[in-house]
Amino acid sequence: MTKLYYQGHGSYRITAADGRVMYIDPYAGGGYEPPADIVLITHQHRDHNKINLITQKPGCAVITNKEALEGGRYNKFSVGGIEIEAVMAKNFMHNPKKCVGYLIFIDGVKIYAAGDTSKTEQMKNFAALKLDYAILCCDGLANMGLKESAECAALIGAKHNIPVHLAPGRLFSAKRAAKWQAPNPLIIEPGNEVELKHSESVI
């Protein structure tokens, strides 16, 4: 089974059905013991890029915003059957030339890892992908707040929406998560792991 372990803030770990491990924006919490096959970094702010927390397996694919935007375009990557596509991320504190989100296709599960962003022009195209999970920031300080994030969730149309980056300086805010009015919210507290399923599966 494919699993997502939430470390807190904007950091989480995805484990493929075959045991391969992917980290997204390592910084917060624990759970960094499994060595990495893939590391994704959305941008270089210090609360998203602590690659030193991770032990990399030989041949580990490290994809940062630099590789994602190389050549002035949003690049695509294929890592042993796991497909990764960089997409736009931007707001008043995040330069779109230095920040990305990622679409991740793993074990038939389709995930949007938004990174730090507000609403983007690309989001209106995501509904056609019939995503299973959208992982969206909600802090309202450096990024969009609860209201705009919920609007983005509705626009994207994923089967499940996961709030992260709820309160800068803290791993999580249950109070803010409870106020999130996104459709089909999936609230995961730090230190917990959930199984990820394709939308045609019964949850």
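Me: Does K3 count as buried, partly exposed or exposed?

Reply: The model is a predicted one. Buried requires a relative accessible area under 20%, and exposed requires one over 50%. The relative accessibility of K3 is 27%, so K3 counts as partly exposed.

Me: Which residue forms a salt bridge with K3, and how many residues apart in sequence are the parts that the pair ties together?

Reply: The partner of K3 is E193, with the closest N and O atoms 4.0 Å apart. E193 lies in strand β12 (residues 193-196) and K3 in strand β1 (residues 2-8), so the pair ties together parts whose separation in sequence is 190 residues.

Me: Which residues are linked with E193 in a network of salt bridges?

Reply: E193 also meets the side chain of R13 in a salt bridge, at 3.4 Å from N to O. R13 lies in strand β2 (residues 11-15) and is buried, at 9% relative accessibility. The residues linked with E193 in the network are K3 and R13.

Me: Which are the edge strands of the open sheet of six strands?

Reply: The strand order is β6-β7-β8-β9-β10-β11, with mixed pairing. An edge strand pairs on one side only. The edge strands are β6 (76-79) and β11 (160-164).

Technical notes: Residues numbered from 1 in each chain as written. Predicted model: local features only at pLDDT ≥ 70, side-chain atom pairs only at ≥ 80, totals over all residues. Heavy atoms only, no water. Pairing = 2+ DSSP bridges. Helix = DSSP H or I, 4+ residues; strand = E, 2+ residues; numbered from the N terminus. Buried < 20%, exposed > 50% of the residue type's maximum accessible area, 1.4 Å probe, protein only.
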